[in-house]
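Subject: Handover of a structure for your review

Dear colleague,

Please find below the structure that I am passing on to you, with its sequence. My notes on what was found in it follow directly after.

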Amino acid sequence: MRILVTGGAGFIGSNFTRMALKLNPGWKVTVLDKLTYAGRRENLVEVEKDPRFRFFHGDICDSDAVSLAMKDCDAVVNFAAETHVDRSIHDSSSFVRTDIEGVRVLLEAFREGGRRMFLQISTDEVYGSVEHGRSGEADRLDPRSPYAASKAGGELLAMSYFSTYGVPVVVTRASNNYGPFQYPEKLVPLFVTNAMDGEPLPLYGDGLNSRDWLFVDDHCRALLRVLEDSAPGKVYNIGAGQEHSNREVTDLILEIAGASRELVRYIEDRPGHDRRYALDVSLLEEELGWTAEIPFRQGLERTVAWYRDNRGWWETIKSGEFREYYRSMYAGRLEGSVGER
Ligand code: NAD
Ligand code: TDX
């Protein structure tokens, strides 16, 4: 099988590419990536010399680039997206463009081919905030940030190609991922690297919003199961059932990294901040026999160890474009912040 992995130079896409090539000697992987601020060629250095791997630098909204990269591919796994909620609140234009229009361009090219599967990577954020219980695949979508709304648009468009043209689309909705190679704008890598540098850990609001944490390898294994055995038209939740408030995540990071609680700062909340996400993953477990294997503490220990061993990777990022992003996002709010409650 030759797979096109779009967004393969990002966090989950690069972990998936490495795992797919390692576990499937007969597979070939083509990556198409625009290399935005979040995409990095060095994330793929481990597979760079593998003859089964090839890389195209291009945009999923560019139909010529997409046709070229998709040539000879049996399946597409679309990770390519703008992915950070805070950035989408500041400016949603690139989110609508990549996360919806980009999906349309991919689907149009895919339709021509008689190919096996179009796997659209979506998110638990499409369900919106769930105060009680767990979201099931048939639940109503209620996206509440521009990021979540764009992702919902992308997956609904993909599913419409299944209903209308019989394109073999499958959608997966994963919970919050963490692990090696995550760009340090997201909670876990930001707090791990700030803790290592003795910088403040800026918790939004009361720090009691909670997420369902999934180690990236568990997510990638689930996606391989879906690629192998899912029927077209299916939607699967992917989560580990490991729910923790942001305060709990912060405490564990501080403990594992050996940093002081005095670094914790409570800052002004994210607008429209979803209180809780939690997924029912029984469909994936029952139909495809997948379960999450990595407990949260173990995954976080592996993550902290990776950031400790790969300081150069994140120091390069944090000294570039990121510096201005961080200043504009956090400087004012940190001025009015309070310490441990
Ligand atoms: P990321 O931001 O680390 O990587 C995104 C990648 O997409 C980057 O390599 C970037 O260069 C590329 N990209 C962006 N726009 C592009 C375009 N127009 N054309 C081609 N490439 C483009 O993201 P991630 O955390 O690895 O997320 C991957 C996918 O998984 C996304 O679709 C995201 O919505 C979804 N997801 C992420 C999480 C999470 O917790 N990180 C959870 C659920 C779902
Ligand atoms: O500085 C911070 N302080 C803070 O308290 C940051 C960056 C985050 N938070 C909070 C907000 C959330 O409650 O931590 C939680 C996690 O935040 P993010 O890492 O920004 O993730 P989230 O908004 O939950 O979205 C993530 O999971 C679903 C990914 O970014 C999405 O791409 C994915 O679809």
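Around ligand 1 there are 28 residues, of which Ile12, Asp33, Thr83, Tyr147 and Lys151 come nearest. Please bear in mind that this is a predicted model. By class, the shell around ligand 1 consists of 12 nonpolar, 12 polar and 4 charged residues. Helix H1 (11-23), strand E5, helix H5 and strand E7 (176-178) each contribute at least two residues to this shell. The largest share, 3 residues, is supplied by E5.

Several polar contacts to ligand 1 may be inspected individually. A backbone N or O atom of Ile12 is 2.8 Å from an oxygen atom of ligand 1. A polar backbone atom of Asn177 likewise lies 2.8 Å from an oxygen atom of the ligand. At Thr98, a polar side-chain atom is placed 3.1 Å from a nitrogen atom of ligand 1. On its own, ligand 1 has 830 Å² of accessible area, and the protein covers 97% of it.

Which atoms of the protein make polar contacts with ligand 2? A polar side-chain atom of Tyr147 lies 2.5 Å from an oxygen atom of ligand 2, and a polar side-chain atom of Thr123 lies 2.8 Å from an oxygen atom of ligand 2. A nitrogen atom of ligand 2 is found 2.8 Å from a polar backbone atom of Pro202. Taken alone, ligand 2 exposes 660 Å², and the protein buries 94% of that area.

Ser145 is located in the loop between strand E5 (117-123) and helix H5 (146-165). Is Ser145 buried or exposed? The residue counts as buried, because its relative accessibility is 10% and the cut-off for buried is under 20%. Apart from neighbours within four places in sequence, Ser145 is in contact with Val85, Ser88 and Glu125.

The loop between E7 and helix H6 (187-197) holds Gly179. With a relative accessibility of 0%, Gly179 therefore counts as buried. Its contacts, not counting residues up to four places away in sequence, are Phe11, Phe215, Val216, Thr303 and Tyr307. Phe181 has a positive phi of about 75° although it is not a glycine. At 14% relative accessibility, Phe181 counts as buried.

Asp72 also has a positive phi, of about 70°, without being a glycine. This residue is found in the loop between helix H2 (63-70) and strand E4 (75-78). Why does Asp72 count as exposed? Its relative accessibility is 53%, and exposed means over 50%.

How many residues does the largest nonpolar core have? This core has 78 residues, and those with the most contacts inside it are Phe16, Leu119 and Leu227. Helix H7 (residues 216-229) gives the most to this core, namely 7 residues. A second, separate core has 23 residues, including Met70, Cys73, Phe118 and Val235. As for Leu119, its contacts, leaving aside residues up to four places away in sequence, are Val76, Val77, Asn78, Val170, Thr172, Leu223, Val226 and Leu227.

With kind regards

Notes:
Residues are numbered from 1 along each chain as its sequence is written. Chains are lettered from A and ligands numbered from 1 in the order in which they are written. This is a predicted model: local features need pLDDT of at least 70, side-chain atom pairs count only at pLDDT 80 or more; totals for chains, interfaces and linings use all residues. Side-chain values use heavy atoms; hydrogens and water are left out. Helices (H or I, at least four residues) and strands (E, at least two) are DSSP runs, numbered from the N terminus. Buried means under 20% relative accessible area, exposed over 50%, partly exposed in between (1.4 Å probe, protein chains only). Contact means heavy atoms within 4.5 Å. A nonpolar core is a set of buried Ala, Val, Leu, Ile, Met, Phe, Trp, Tyr and Cys residues joined through side-chain atoms within 4.5 Å. A residue is near a molecule or strand if one of its heavy atoms lies within 4 Å of it. A polar contact is a pair of N or O atoms within 3.5 Å; within protein, one must be able to donate a hydrogen and the other to accept it, and residues adjacent in sequence count only if both atoms are side-chain atoms. Accessible areas come from the Shrake-Rupley method with a 1.4 Å probe; for residues, only the protein chains shown count as cover. Ala, Val, Leu, Ile, Met, Phe, Trp, Tyr, Cys and Pro count as nonpolar, Asp, Glu, Lys and Arg as charged, and the others, Gly among them, as polar.
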